[in-house]
Amino acid sequence: MQRSIRVVALAAGLWAVTQTAAAGTVTVITSFPKELTTAYQKAFEAAHPGIKIEILNKNTTAAVAYIRELPEGQRPDVMWASAPDAFEVLASYKLLQSAPEVVNKSAPAKIGNYPLNDPKGMYYGQALAGYGIEWNTRYLKAHKLTPPKEWSDLVRPEYFGHIAISSPSRSGTTQLTVETILQGEGWDKGWTQLLQIMGNAAAVTDRSFAVPDGVNNGQYGIGIVIDFLALAGKYSGYPVDFTYPSMTAVVPANIALVAGARNAGEAKQFMAFTMSVPGQQLLFDPKIGRLPMLPYSMLKPPAGYPVPQDIAKRAKVQFNSELSGQRYPVVISLFDQMVTFRLKELQAATKAIHEATAALKARPNARGNELLAQARSLAYTSLVGADNVKNPEFLELFRKSRRDVAVSKQLTGMEQLWSEKARANYERARQLADEARGLAK
Amino acid sequence: MPAITLQSGTRRALAHAGPGPWIAFGLILAFLLCLLVLPVGTVIYTAFVTEGGALTLGHFGNFFGQLVFRESFFNSLWVALASTFFASVIAVPLAYLTVRFEFRGALLIQTLGVLPLVMPPFVGAVALQLIFGRSGSVNLLLGDWFDITIPIMDGLVGVTFVESIHYFPFILLNLVAAMCNIDGAMEESALNLGARGWRLFRRVIFPLAMPGYLAGAALVFVKVFDDLGTPLVMGVTNMLAPQAYLRITSVGVDDPLGYVISVIMVGFSILALWLAARVMKGRDYATLQKGGGALHKRRLSAWEAVLAYGWILLVLLVVLAPHAGILLMSFAQVWSYSVLPDAYTLAHYATVFGDAGHMMGNTLLYCLLAAGLDVVLGTAIAYLILRTRLPVRQWLDWLASAALAIPGLVLAIGYLRLFKGVTLPGSDRLLVQTWVLIMLAYAVRRLPYALRSCMAALQQVHVSLEEAAQSLGASRLSTLRRVVVPLMAGGILAGFVTSFITAAVELSATLVLVSTESQAPMSLGIYLYMQSIAGRGPGAALGVLAVLVVGLGTYFSHRFVERSRATVQSTVKA
């Protein structure tokens with residue numbers, strides 16, 4: 001046994017040496033799924049035998065926190081993720097450095113009205129993504145449902161208990177989807193629609209992947225997802241389909257060089273590769289299913305593949321990433337307090353409202369309609385008004401350090417207030433709706 | 001007069017003791033301080049200070065002022081208690097059946113006792129979704145046949161279900177061991193006095209087996225309270241471990257509330273273990289007579305046999321459901337809203353062998369090293385406690401055992417904080433970015449298991465054997481190496497295996513500490529693959545391989561242990 005311990009220790013020593021001696025290694029921190037990163041890693045390493053790619057998979061928010069925790073010279077080299085906000089945050093902490101030489105000049109400057117690359121040159125569009133609705137065809141058939149086309153379809157009672165979404169506080173792409181709806185419909189109307197959709201939700205998951213995965217295996221009928229998560233499932237053979245509602249935005253997924261990176265030179269080579277023709281062609285892999293940013297005239301897309309420029313032309317929202325960034329902490333916190341942590345109560349209120357609506361439709365009653373209107377207003381009104389979210393003082397509070405007990409207390413106090421208020425409102429809405437239904441009989 | 005021999009033995013050992021034991025003591029203490037006390041201490045400290053560094057209880061006030069956290073706290077408590085209850089419901093009858101009756105299913109039950117532990121709990125959760133979930137096989141069939149569905153995988157109920165199935169072996173294993181040690185004379189007296197059936201079990205046998213039961217139940221409670229993977233995979237966020245994880249990974253490592261949650265988790269784990277120990281205190285469960293009169297084995301009547309086998313079959317079906325699910329998933333091409341997959345493929349295994357080979361290597365490397373370190377430390381601590389009279393040697397036992405109560409998440413965060421900015425000697429690499437810390441975290445968390453086995457093993461080695469060696473001129477070190485360790489081999493190996501298996505499925509510390517994909521062990525690989533949209537097939541395939549690797553490892557080491565025990569015994573007798 002002692003000999004074996006010695007052998008193991010020796011092996012461990014060797015391992016440690018080889019690990020520390022790995023020069024020419026590019027560490028890529030990314031929220032992208034394994035299929036995508038593995039494909040790029042393999043293709044790049046084959047083309048550049050001297051360079052090794054290390055993938056560090058963390059979700060976007062965790063990746064930002066991770067980079068912030070590390071000193072210069074110890075940080076990962078490349079940040080690669082969908083949400084532009086994360087890159088804005090990193091840039092604001094001076095954690096990105098520009099590398100304009102890696103950009104592929106053949107790429108268009110804009111997608112729709114949205115600039116492909118960061119105007120300040122800190123990060124670059126590497127692929128494109130739109131947001132939409134995925135559904136499981138078998139599930140919908142079994143439950144005799146038709147596929148929804150627009151976000152507004154999802155508020156209909158027949159979809160109750162069939163929808164899944166991930167929490168915007170956990171998923172950068174969901175935050176973009178929520179923000180797209182809020183920008184498209186306006187703050188107040190947007191929240192009303194969101195809350196109605198969420199009342200129909202079966203689950204709010206903690207990672208973006210859980211939604212398409214649940215739709216893939218039939219656990220949920222309908223998922224609110226970023227396009228490639230659905231397309232990858234579809235092209236991998238799952239009985240799922242996907243649509244872009246008109247209220248969508250096509251925005252770039254980005255890649256950036258981290259400031260104080262260990263191997264900036266090799267990192268730039270990797271970045272350039274992801275934007276080159278062979279790098280873009282990889283996006284069509286059935287397991288990846290992403291939209292490239294290079295024009296299709298330079299690539300060989302599979303038949304029937306979505307064309308990002310067409311979707312962007314149809315899209316009704318001009319996504320404003322600055323606005324999104326300003327109110328980011330408010331949106332995610334409000335969503336968690338009103339939806340993620342209060343889903344059960346919101347579901348109960350929505351169920352009661354659906355039932356009352358149906359009952360009153362069959363046997364109209366004026367008082368009942370009045371109560372129902374009250375119930376809807378209670379359940380589906382944002383606890384933060386449009387004016388409030390424009391107030392810089394209010395927004396400032398969310399940017400202060402939570403280490404300060406007073407700040408933390410103010411924030412947690414506010415979150416607590418939202419939480420209590422949401423619960424009370426949903427409960428009251430449920431009671432009112434039940435009362436309204438009683439009147440219809 | 002064994003007690004007297006022992007005393008004179010230790011006295012003589014002490015008289016001969018050079019600086020050796022002190023050095024060993026110092027090294028072990030330093031290890032525990034650096035890798036357990038200080039990291040956990042930094043986490044606890046963060047929860048009590050403000051930005052300026054002043055002491056405060058404000059964060060706790062903020063915590064308990066929040067509805068979400070109060071809810072999470074009660075949910076975690078509820079799930080841990082309910083899981084302990086249901087795990088008992090599964091385990092107690094099984095233990096009773098094997099010990100009390102002549103029974104053919106003993107092998108089945110032994111298998112049952114290890115299999116669930118081999119699979120990471122979150123993998124079980126994923127597989128159980130496919131079998132019992134909203135659109136799982138069972139609910140689809142029930143829907144077709146009777147137009148009903150059972151929401152057993154939803155929310156807290158689902159977490160409780162998965163955890164009970166996963167952790168009941170802790171109770172089963174401990175309870176079986178405890179029941180086997182009950183003196184048959186006790187039962188006979190009870191029978192003579194007229195106690196039979198349920199009354200005999202309730203008033204005599206179960207109370208006598210209480211130490212084993214409590215040890216198992218406390219473990220289940222602590223493990224469930226601390227588990228992060230299962231609620232995360234099942235999308236339940238209103239519990240303490242996910243809240244702590246979500247806060248620290250999204251708000252940042254500087255969010256005090258994450259640490260408040262950690263402190264509460266540590267506090268409750270310690271409380272549970274202390275309560276279990278407390279209940280036992282002042283009661284004597286030791287039986288004088290060993291070996292001769294074990295519990296009398298009864299023959300089952302036909303009617304009892306039907307019940308017993310029926311129960312075992314039911315438990316087996318439920319407990320093996322995740323294994324069946326994961327196996328199916330690993331071969332499934334597409335499995336969507338149907339009772340069984342549409343088509344089967346070997347591609348997932350190809351993927352896994354293609355690019356996850358290093359993960360198996362990593363798991364083996366980290367877990368073998370961690371388990372090796374554990375048995376070395378365990379043997380050393382056991383030796384210091386039982387064979388020397390260093391004044392504060394008992395501390396080592398307490399400190400090491402405290403690790404049982406530290407959630408992996410808390411320990412990992414403690415490492416990140418404590419070693420922030422520390423580089424590996426002679427390089428510019430950060431210590432927190434090497435796999436060494438992952439391995440050390442495994443070792444620290446599994447030390448209590450190894451320590452218990454080593455203590456038990458050393459207690460069974462008579463001190464006169466060492467004295468004999470020393471009177472023949474062997475030095476203390478060579479006595480240790482040539483006599484004590486070989487005689488302890490069985491127990492050491494048992495400790496090694498327990499540490500190894502449980503480290504192989506550890507996720508909570510891994511998730512925080514892994515800093516590059518090439519460091520990832522299988523547990524993290526499974527987690528990552530399980531998050532993949534192109535299907536969870538590769539994750540399932542890796543899961544099956546993990547079960548096979550760990551299962552086979554366990555089987556062979558058990559055989560090895562039995563064989564070495566047999567040889568040791570025959571040597572000793574000879």
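How many of the six residues of strand β2 (residues 52-57) of chain A are buried? Let's look at this in the first view.

**View 1. Strand β2 of chain A is mostly covered.** Five of its six residues are buried, where buried means under 20% relative accessible area with a 1.4 Å probe, protein chains only. Strands here are DSSP runs of E with at least two residues, and helices are runs of H or I with at least four, numbered from the N terminus. This is a predicted model, in which local features need pLDDT of at least 70 and side-chain atom pairs count only at pLDDT 80 or more, while totals for chains, interfaces and linings use all residues. Residues are numbered from 1 along each chain as its sequence is written, chains are lettered from A and ligands numbered from 1 in the order in which they are written, and side-chain values use heavy atoms, leaving out hydrogens and water.

**View 2. Strand β1 (residues 25-30) of chain A runs parallel to β2(A).** Six bridges join the two strands; strands pair if DSSP finds at least two bridges between them. Here A:I29 has A:L56 in β2(A) as its bridge partner.

**View 3. Chain B meets chain A.** Contact, meaning heavy atoms within 4.5 Å, involves 76 residues of chain B and 75 residues of chain A.

**View 4. A salt bridge links A:R342 with B:E71.** Their closest N and O atoms are 2.3 Å apart. Helix α13 (residues 240-251) of chain B gives the largest share of the side of chain B that touches chain A, seven residues.

Key:
A salt bridge is a side-chain nitrogen of Lys or Arg within 4 Å of a carboxyl oxygen of Asp or Glu. Buried means under 20% relative accessible area, exposed over 50%, partly exposed in between (1.4 Å probe, protein chains only).
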